[in-house]
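Subject: Structure handover

Hi,

Here is the structure for you to look through. My notes follow below it.

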Amino acid sequence: MIPLYVDPTAGGMLLQVLLGGVAGIAVVVRLFWYRIKTALTGRGRSGDREDR
Amino acid sequence: MTERPTADPGSFRDPDNRVFTADRQVFRVFNRRDAADIERLIRSEAFEDMVELGMVVSTEVLEPADIPGSITSLPDPALVVRHERIPFISYPYEWSFEMLKDAAALTLDLATRLLDHDYILKDATPYNVQFAGARPVFIDVGSFEPYEEGPPWDGYNQFCRLFLNPLLYERYVGQNFQHLLRSSLDGVDPGELRAMLPLRSKWTKTVFTNVVLQDSLSRRFEASAKASSEVSGHVIKRGAIRRMIRGLRSSAAKQRSQVRRSSWSDYESDNTYDQRSEDAKREFVESVLKRTQPGVVWDLGSNTGAYSLIAARHAGYVVAFDRDPQVVDAFYTRLRADPGGPTNVLPLVMDLVNPSPGQGWGHTERKSLADRGNADFFLALALMHHMVIAGEVPIDSILEWLASVAPEGVIEFVPREDPMARRLLLRRSRSHGEYSADGFAEALGRYFTVGDRAELPNGRILYSVVRKV
Ligand SMILES: C[S@@+](CC[C@H](N)C(=O)[O-])C[C@H]1O[C@@H](n2cnc3c(N)ncnc32)[C@H](O)[C@@H]1O
C-alpha cells in the first residue's frame with residue numbers, strides 16, 4: 001500500500017477535538033446525535049449518505 | 001563538484017523538499033513557496049539552540065555561490081541547506097525499546113519548542129530521527145512548518161502508529177515490537193493494536209484514549225463528510241495541542257518493556273570464559289585494533305558490547321549488531337547512562353542471518369543492510385557457531401559474507417566441544433560434522449589471509465584476518 005504522505009485519520013482528528021475542551025466535546029456529541037438521527041429517519045439530508 | 005546528485009529515495013514522498021547526496025555531503029533542497037519561512041527558522045536563535053542541544057542535525061543555509069553546480073541545475077531550488085552527515089543510517093525496526101522511547105521524547109520535545117516559536121512538526125515519524133552513536137537527533141528539517149491555530153495536529157495519529165503503539169505492544173503484549181515496524185512501514189493502526197491488547201490495559205488512561213477511543217471514532221466517522229466539515233470548522237487552541245503533546249510525552253516515557261529477559265541477556269556475567277581466556281581475548285582484539293586504527297567497525301553479534309567498547313577506543317565509529325533486542329537495549333541504556341562514555345558506538349537490533357531488507361517503494365525507500373555501505377573492519381567474536389549451528393548457514397557462505405563486510409577483521413572459532421556450542425547442538429537433527437577446527441581453518445584460507453592466530457586456554461581460537469581479493 002502506498003499511503004498518503006500523512007493520513008491523519010478521522011479518529012486522530014476527532015480525538016484531538018474531543019480533548020480540546022468543552023466546545024470539542026459538543027462537536028463529537030453532535031456527530032453522534034446526527035448519526036442516531038439519520039439512522040432513525042432512514043436517511044439524512046441528501047448528499048450525506050456516507051453518514052449512515 | 002561535478003558528481004551528479006543522487007536523490008535519497010527515502011525522501012521522495014514529501015514534494016516540498018528532497019534530500020540529495022553529492023560528494024559525500026548531504027543537501028536538502030526546498031523548492032516550495034514557503035522556503036522563506038523555513039529559512040527564517042533555520043537562521044533563528046531558537047533553531048541554533050536546538051542544534052546546540054543536539055536535538056536537530058546541524059544545518060547551514062548555503063549561499064548561492066556555495067551551492068554545488070549539480071544541485072543548482074535542479075528545477076527551482078528555492079533554498080539549499082547542507083546537513084552534518086550521520087555516520088550510519090538506521091531504522092526504527094532496528095532500534096531497541098529505549099531507543100524508540102528516546103526518539104519519541106525527542107520528537108515531542110521538538111514539537112513543543114517549535115510551538116513556542118510559531119512553528120509545528122507536520123508529521124511525527126521515527127524515520128525523521130537518526131542515532132549518532134547512542135544520541136537521537138532529528139534530521140528532517142523539512143518537517144518544520146509555520147503554525148496556525150485551529151486545526152488538529154497532523155502528527156498525532158502517526159505518532160501513535162509509529163511510536164506509542166509499538167511501545168504499548170511491548171509493554172502489554174510482552175513481545176518485541178521490531179517485527180511489527182519491520183513489516184509495516186506505517187506502523188500499527190490503533191484498531192490492530194486494540195485487538196491484541198489484554199483487557200486490563202484498556203482501562204489505563206493512555207490506552208483508553210489513544211487506542212480504544214481513537215479507534216472507535218475512526219470506525220464510526222472514517223467516511224463521514226459531516227465529521228470532516230465539523231473538524232475543519234472547529235478551532236483547537238494552541239494550549240490544547242500543547243497539553244496533548246505533553247500527555248503523549250509522559251505516556252511514552254513511562255512505558256517499560258515487559259518482554260522476558262532472554263537467555264543471552266546475562267551472557268557477559270554468565271559465560272563459560274575463565275578469567276585467563278577472557279583477558280587473552282581482550283588483549284588479542286585490542287592489539288589488532290590498535291594496530292589497524294580502522295574507520296568504521298562492525299561488531300557482529302555484539303551482545304552487550306564489551307568488545308564494541310574496546311573497538312570504540314581505536315576506531316572512528318562502531319556499529320554493534322545483535323539480533324537480541326534485550327541485549328541491545330541493555331547496551332544502549334548503558335551508553336546513555338554514561339555521560340563520559342564513548343559517543344561513537346551505535347547499538348542496533350539485527351539478525352545477521354536475516355538482515356533488514358530493502359523496503360517501501362521500489363525496494364529503496366528503506367535500504368537493506370547491504371545497501372548501507374560497508375565497514376573497514378569487522379569483529380565476529382563467538383558468533384560463527386550461532387550462525388552455523390543455529391542459523392544453518394554453511395561456513396563458506398558466512399566467510400564469503402564476512403569478506404564482503406570489511407577487508408579485515410577478527411574471527412573467533414568456538415570448537416564443537418565447547419559448552420556453548422554443545423548447548424546449541426542440543427536437539428539439532430543435523431550433527432554439523434563439518435564444523436571442526438581443521439575444517440574451519442581450511443575454509444578460512446579460501447577467503448582470508450590469516451595474520452595472527454591465538455589459541456585461548458579454553459580451547460577457542462582467534463584469528464586476525466585480511467580478505468583475499
Ligand atoms: C556468545 S555471544 C558473543 C558476544 C560477544 N561478541 C563476545 O564475543 O563476547 C553471541 C551473541 O551473538 C548474538 N547472535 C547470535 N546469532 C545472531 C545472529 N544471527 N545475528 C545477530 N546476532 C546473533 C547473540 O544474541 C549473542 O548476543
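Start with a charged pair in chain B. B:Lys281 and B:Glu412 form a salt bridge through their side chains, at 2.7 Å from N to O. B:Lys281 sits in helix H11 (residues 275–292) of chain B, and B:Glu412 sits in strand S14 (residues 408–413) of chain B, so the bridge ties together parts 131 residues apart in sequence. Both B:Lys281 and B:Glu412 are buried. Keep in mind that this is a predicted model.

Take B:Asp118 and B:Arg238. They form a salt bridge, and their closest N and O atoms are 2.8 Å apart. This pair also links distant parts of the chain, 120 residues apart. B:Asp118 is in the loop between helix H4 (97–116) and strand S6 (119–121) of chain B. B:Arg238 is in helix H10 (residues 238–253) of chain B. B:Asp118 has a relative accessible area of 40%, so it is partly exposed. B:Arg238 has 23%, so it is partly exposed too.

Next come B:Glu455 and B:Arg453. Their side chains meet in a salt bridge at 4.0 Å, N to O. Is B:Glu455 buried or exposed? B:Glu455 counts as exposed, because its relative accessibility is 53% and the cut-off for exposed is over 50%. B:Arg453 reaches 48%, so it counts as partly exposed.

There is also a network. B:Lys281, B:Glu412, B:Asp418 and B:Arg460 are joined into one by salt bridges that share partners.

Chain A

Chain A has 52 residues, and 37% of them count as buried. It holds two helices and zero strands. Its accessible surface comes to about 3,200 Å². Carbon and sulfur atoms account for 65% of that surface.

Which residues form a nonpolar patch on the surface? They are A:Trp33, A:Ile36 and A:Leu40. Together they have about 370 Å² of accessible area. A:Ile36 belongs to helix H2 (residues 22–40) of chain A. A:Ile36 has a relative accessible area of 43%, so it is partly exposed.

Where the chains pack

Two packed helices are described by the angle between their axes and the distance between the axes. H2(A) packs with helix H8 (residues 205–221) of chain B. The angle is about 45 degrees, and the axes are 12 Å apart. Why is this pair called oblique? Angles under 35 degrees count as roughly parallel, and roughly perpendicular starts at 65, so an angle between these limits is oblique. H2(A) and H8(B) are therefore oblique to each other. The crossing of H2(A) and H8(B) is left-handed.

Two backbone angles to check

Most residues other than glycine have a negative phi.

B:Gln293 is not a glycine, yet its phi is positive, about 45 degrees. B:Gln293 lies in the loop between H11 and strand S10 (296–300) of chain B. Its relative accessibility is 49%, so B:Gln293 counts as partly exposed.

B:Ala382 also has a positive phi, near 50 degrees. B:Ala382 lies in the loop between strand S13 (377–380) and helix H14 (384–390) of chain B. Is B:Ala382 buried or exposed? B:Ala382 is buried, because its relative accessible area is 13% and buried means under 20%.

Best wishes

Methods: Residues numbered from 1 in each chain as written. Chains lettered and ligands numbered in written order. Predicted model: local features only at pLDDT ≥ 70, side-chain atom pairs only at ≥ 80, totals over all residues. Heavy atoms only, no water. Patch = residues over 30% accessible without salt bridge, like charges linked within 9 Å, V, L, I, M, F, W, Y side chains within 5 Å. Areas by Shrake-Rupley, 256 points an atom, 1.4 Å probe, with all protein chains shown as cover. Helix = DSSP H or I, 4+ residues; strand = E, 2+ residues; numbered from the N terminus. Buried < 20%, exposed > 50% of the residue type's maximum accessible area, 1.4 Å probe, protein only. Axes fitted to C-alpha atoms, helices over the stretch in contact; angles between N-to-C directions. Parallel < 35°, antiparallel > 145°, perpendicular 65-115°, else oblique. Left-handed = near helix turned anticlockwise from the far one by under 90°.
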